[in-house]
Amino acid sequence: MAADTKMSKEYKDVFDVEGVPSFRTFYNFSIFPCKYVYRGNYNAWHLVNAPTIKDDKATRQLFKMGMAKAVCAELAGLIWAEQTCVNISTKGEDDTLERWVKEVLERNAFREKMQELIEQCAALGGAAFKEYTEVKRDEDGKPIVGSEKISIDYCMADQFVPTAWDNATVKEGVFVSREAKDGWYYTRLEWHKWNGDTYVITNDLYKTEIPKEGMQSQDILGYWYPLQTVYPYIEPVVDINGLSKSLFSYFRTPIANNVDDNSPLGISVYGNAMDTLHALDICYDSLVREFRLGKKRIIIPASALRTITDPETGELRRYFDANDEAYEAFSMDDPDKLKIQDNSLELRVEEHVQALNALLSVLCLQIGFSASTFTFDMKTGLKTATEVISENSKTYKTIKTFQAQIIPAVKRLCCNIIELGKLYDMEFEGKKISSFGDYEISVVMGDAVLEDSGTKLDRAILLLNNGLMSKKTILTDPKYGIGMTEEQADEELARI
């Protein structure tokens, strides 16, 4: 009866479904516009009127700087440095558990995907990890015992809606995934809930026709549809006992949500700088069109025009032959009327560059970067400052607050991997994961303080002189600017 009721009702979006908080306004006016701006194609900004003689309703695409993408990419690169590492220690045990967790992370391309996910988090305001087990099946579709592997989904903010939370963490939520198949959209809602001490994962499927070109209905859920007709190996309901925490971890931007202060959702780093981003695109579009509209133009006397008969229509068409080096003599009382005059406009390049740099300075202030982090130059285009990021700079403080949000989520990710390993009695190098006792997880983020090689080398020599570092370490560690192999270092030390 419940299924029949669902099948008879069409759902416009996930917020129509019972149990989902009323975040529709926040998603429609905050997350989705930020996503379109991040992609660089927001019609509300970038589609402008450009009427012509043939079509007074014609439009054109604005030329775009793509600053939303540039800002998020730069920030993600500073937050998640190459030196970042995850450490797991167990009392009285070797490093087997740590190596197993790192093997799971590596198999799921964690290091590569992490910087990408942080960039998307900065753009949309949040992101989530979701951990689950995959199992291989035989030819008959039956699961093969012992083939379980742990997988990680990296979810953007528009693919996850929290449904229960406290001041510290999001405890329950629904994940949204969509697949196009045979002219239909199939949207799966994966619910993660707690029923006492039992963790319940419920899957619902919805089906709607793929919209025709020009229709804005791609986010419609449509009608409820039997799950296993499309996903035969996904159970509608799965109860899991023995877990202490939810099998996902949500993290957000460290910015107060001034759009919906009653939700746990974060806002984009440029959520309060949308007008500035729009102004940058308008200014950049004006700069590009300055070259298009300011190309060389001349005024010629009408008598210098030639005529030719259009072979298709038979009509006479007038044209000016720019390759002619001499013209016939014309009878004119006023010789000035025979002159070809240059009517080219003076390009206002410098004014545009100054305007772009003024707007970029405002943008840096709004998104938490130090002044002049981004500048525009006519020779090289958009530039990023390469100066040292000191500990008292605004950029450094922004990076540290982001890292403080990300570290707990990564710890929870590792904790969930271990709990799933114990729950499914997995083994690594002959050891059962369930045999490991208490463990401690630490995430060491790479330092975003940028120093030149000379400063790093001076600090290394200071440590060497105080007996806190060896000469071999200085010679072999790339961060000190030498980067010898161990054999080269041994040879050099022997010469010394």
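In the predicted model, L97, W100, V101, V104 and L105 of helix α5 meet L413, C414, I417, I418 and G421 of helix α9, where contact means heavy atoms within 4.5 Å and where helices (H or I, at least four residues) and strands (E, at least two) are DSSP runs numbered from the N terminus. The model is a prediction in which local features need pLDDT of at least 70 and side-chain atom pairs count only at pLDDT 80 or more, whereas totals for chains, interfaces and linings use all residues. Residues are numbered from 1 along each chain as its sequence is written, and side-chain values use heavy atoms, with hydrogens and water left out.

Two packed helices are described by the angle between their axes and the distance between the axes. The axes of α5 (residues 96-107) and α9 come within 10 Å and cross at roughly 105°, the axes being lines fitted to C-alpha atoms, for helices over the stretch in contact, with angles running from 0 to 180 degrees between N-to-C directions. Helix α5 is therefore roughly perpendicular to α9, given that angles of 65 to 115 degrees count as roughly perpendicular, those under 35 as roughly parallel, those over 145 as roughly antiparallel and the rest as oblique. By class, the contact of α5 with α9 has nine nonpolar residues, one polar residue and no charged residues; Ala, Val, Leu, Ile, Met, Phe, Trp, Tyr, Cys and Pro count as nonpolar, Asp, Glu, Lys and Arg as charged, and the others, Gly among them, as polar.

Helix α4 (residues 67-79) also packs on α9 (residues 394-423), with axes that come within 9 Å and cross at roughly 70°, so α4 is roughly perpendicular to α9. This contact is formed by L75, L78 and I79 of α4 together with T395, T398, I399, F402, Q403 and I406 of α9, and its residues divide into six nonpolar, three polar and no charged.

Cysteine pairing was also examined. With a disulfide taken as a pair of cysteine sulfur atoms within 2.5 Å, the count comes to zero. The sulfur of C72 is 8.9 Å from the closest cysteine sulfur, in C34, which is too far for a bond. C72 is buried, with a relative accessible area of 0%, while C85 is partly exposed at 25%; buried means under 20% relative accessible area, exposed over 50%, and partly exposed in between (1.4 Å probe, protein chains only).

In the loop between β6 (149-156) and β7 (160-165), D158 counts as buried at 16% relative accessibility. Its side chain makes a polar contact with the side chain of K35 (2.3 Å), a polar contact being a pair of N or O atoms within 3.5 Å of which, within protein, one must be able to donate a hydrogen and the other to accept it, with residues adjacent in sequence counting only if both atoms are side-chain atoms. Not counting residues up to four places away in sequence, D158 touches Y27, I31, F32, K35 and L124. Q159, in the loop between β6 and β7, is partly exposed at 30% relative accessibility, and a polar atom of the Q159 side chain lies 2.9 Å from the backbone nitrogen of M156.

Positive phi values, in residues that are not glycine, occur at S372 (about 65°) and at D425 (about 55°). S372 lies in the loop between α8 (349-367) and β18 (374-377), and D425 in the loop between α9 and β20 (427-428).
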